[in-house]
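Here is a short tour of how two chains meet. Have a look at the model first, and then we can walk through it together.

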Amino acid sequence: MASQALSDLRVVEYAEMVSGPMCGKMFADLGAEVIKLERPGAGDEARRHPPYPGDIPHPEKSGFFLYLNTSKKSVTLDPATPTGAAIFKKLIASADVLIENHAPGFMASIGLGYETLRTINPRLIVTSVTPFGQTGPYRDWKGTDLIEFAMSLTGYNTPTMVDDPETENPLRAPGHAAEMMGAATAAASTMMAIFQRDLTGEGQWIDAPCWQSTVNTAKIEMAAFTYLRMPFSRQRGKVAVGLEPLPCKDGFIYTLWAADAHYLALKKLLGNPPELDSELFDTLAGRQDNDDVLRRIFREHLLKHNVEFLVREGQRLGLTIGPVHTVAQAAEHPHLRTRNAFVPIDHPMAGRFDYPGALVQMTATPPAATRAPLLGEHNVVILQRIGYGIAEIQELRAAGVI
Amino acid sequence: MGRLPLEGIRVADFSWIINGPQIAQWLATMGAEVIKIESQVYIDIGRTNPAGWADRQAGVNRNGFYHALNYGKKAISLNLATPRGHELAFEIIRKSDIVLECFPAPTARRLGLTYDAVRAVKPDAVMLSVSLLGKTGLEPAEWVGWGPMACCFVGMFDAQGYPGGGPRQTGGTWPDYAIAATVVFHALAALRHRRQTGEGQWIDASMGETVIGQMPEWFMDYFMNGRDPGKIGNRDDVMAPHNTYPCKGDDTWIAIAVANQHEWDALCGAMGNPAWTRDAHFADQFSRHQNRDALDVLIGAWTRGYEHRELAATLQRAGVAAGPVLDSVELHDDPHLWEWGYWWKMDHHEVGERILPGMPVRMSGVPQLNMSHAPDLGQHNREVFGGLLGLADAEINLLIEQKVIY
């Protein structure tokens, strides 16, 4: 059995929904002990989000929750109560990392701000994942994934290649893309802090915002503005041509035909249609000016062929071309299956299903997900470890602290 | 100045364009010594794409695309296609902790940049290979492609669209950035494993698989219920209103998300409590969700009269989650991004002072990242070939003449 890269790290996750929990999952799947704190009774809000097997809602069966919380331990605790805060401080004393995604100022308001926590454990790394960050005019704005995504240039530019800006309003990316991007920023920078702690012996506080992480996905488009004063447009004809899913006989393909070499390869793939023998299309500028005509010709010929032929032959000709799969096609694709992009996980209440697998493949310490915890499943074992007896634990339960 | 997190770590960086450079930029700004290995033979197209040339003047050291993705690094020019060039590249690998490449598999093999070749000279290297769909597996591992093609392959663009419409594209090159921070996290975990055990490894990162991991709503529904949720536009499973709405001006929008009755009351108050808000169709969260299309039309008619940034601020003050859809000009002027510290001013000997996008994190232990401007092509040839590899000046001159250093 392969070893796990982060098995000596202990992480406390006081977070709900996507951004903080996804960051915690990344640590947990690499072997860190991640103790997830959930609200007594209700648990993580994600438990009340679909999908559920058979569409029957159940807090232990949300596929959304089960994916985001693999490999973790669950303790029910309300740190906003005095006893809860005392338990929280004991947990923090032996932790390497705290991941939290509450509104800025909330942790301090319940007496658990970074300055307090560092006096308990100076080596602690506190990672705060929030919509807009800990400083600045939007600090206290309410953010959701839709808001965070829409406010970025990537959001303005989704969907790309808009024909009618009046009817085609900006869309959010599928899922919780901005929150996921915040989670990745948080995970990467938390590892940075662990390396820095090896040098200095000290922990620190990390401010990882989802919006800035999403804004950061348009670096080159933003540079085009500061270097050429060229504002980016989402409207067709005002951005690069030759980038969009195109229908063919049995589905859609995606290809690039802007550059000369790509255009010529696509032309050849389609059997050199005579309509393309025009000097209008010989140069990039000509193709941009006549994009409408060119697209109509391409569409007409693409419809004669199936996806498999176009992709196989196109790739052979050096064309950047690929299939546009549905989620169902992707989920069954032999290439992804061969690489174990989906892995089965058993859960005592939800059952056995495939889940999206490792985010990246590693040869020596591959990410390995085990099932998500039941609500409060690890209350006794974790509280005993920090010094509580069984009788006390029962009292805490009766009082609603855990 | 304090010690940066990755002080003492060296990266042999063979990557180009977007995803690899963004990975290396994370490492470089955090203090690793990143040696970007380029050449006029395989030039990073971020240097040559005319859409990024400062003030439309051509020049390999004038490109905003390159400058935005390569600050903090060193750069050498080395022609890997020559035997001596290849040998020198592997001398650098021998002295590095991390090796990074993002070529398609056939190109990586042709250049000899495989994990087997790397570990033969540096057994404990952490090698990062980033590609469209991974470098192992079936035929797609051999394809050429770029970020959005990965979205297509794994269903993201099929899920990106208006209900009932065709597949659409997420803006920009989403998976390049999604995979960047993700690979950085796993690379540092691998480096930590090496510190503890002496063992190196290969990270074979697929943009497609990283994107799959960002879409659990779709894949878990498919695995649990055999159902593909398809295109849902901006619809949320519980929130309504939850959409983007037109504002005053051309192609100008605001996003609004209402999660509960309290926020709905606040939104109604901000709208001046028009009579339609008391319609039974919009009485509670459930009925608003059921009648969301009609609701969207009514809210859109109201938002159209307002400037998007002012309206977002007004709604936020009232306690409603709202945000303006910002274009490049507005982001560039955005007070929050400036105050928080995302934008930074670069001073560059060829293009002067420019504003560039920074890094999306602030760390109390890292008050200042390494933000040296992106290197000129071959800027660090003397330092790396002379200093790190110990070549004499005469030999370096000869290699330049022979177009090995080129």
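Which residue of S6(B) does A:Gln361 stand opposite? The residue facing A:Gln361 is B:Asp204. Keep in mind that this is a predicted model.

**Where the strands meet**
- Strand S12 of chain A (residues 361-362) pairs with strand S6 of chain B (residues 201-206) in the antiparallel sense, over two bridges.
- A:Met362 has B:Ile203 as its bridge partner in S6(B).
- As background, strands of a sheet pair through backbone hydrogen bonds, either parallel or antiparallel.

- An open sheet is formed by seven strands, and the pairing in it is mixed.
- Reading across, the order is S12(A)-S6(B)-S5(B)-S4(B)-S1(B)-S2(B)-S3(B).
- S12 of chain A and strand S3 (74-77) of chain B stand at the edges; each has a single partner strand, so one side of each is left without a neighbour in the sheet.

**The contact between the chains**
- In chain B, 119 residues are in contact with 117 residues of chain A.
- Helix H9 of chain B (residues 174-197) gives the most to the side of chain B that touches chain A, with 14 residues.
- That side of chain B has 66 nonpolar, 34 polar and 19 charged residues.

**How the helix sits on the sheet**
- H9(B) lies across S12 of chain A as well as strands S4 (98-101), S5 (126-131) and S6 of chain B.
- The helix H9(B) runs at about 160° to S5(B).

Methods: Residues are numbered from 1 along each chain as its sequence is written. Chains are lettered from A and ligands numbered from 1 in the order in which they are written. This is a predicted model: local features need pLDDT of at least 70, side-chain atom pairs count only at pLDDT 80 or more; totals for chains, interfaces and linings use all residues. Two residues are in contact if their C-beta atoms, placed from the backbone, lie within 7 Å. Helices (H or I, at least four residues) and strands (E, at least two) are DSSP runs, numbered from the N terminus. Ala, Val, Leu, Ile, Met, Phe, Trp, Tyr, Cys and Pro count as nonpolar, Asp, Glu, Lys and Arg as charged, and the others, Gly among them, as polar. Two strands pair if DSSP finds at least two bridges between them. Axes are lines fitted to C-alpha atoms, for helices over the stretch in contact, and angles run from 0 to 180 degrees between N-to-C directions.
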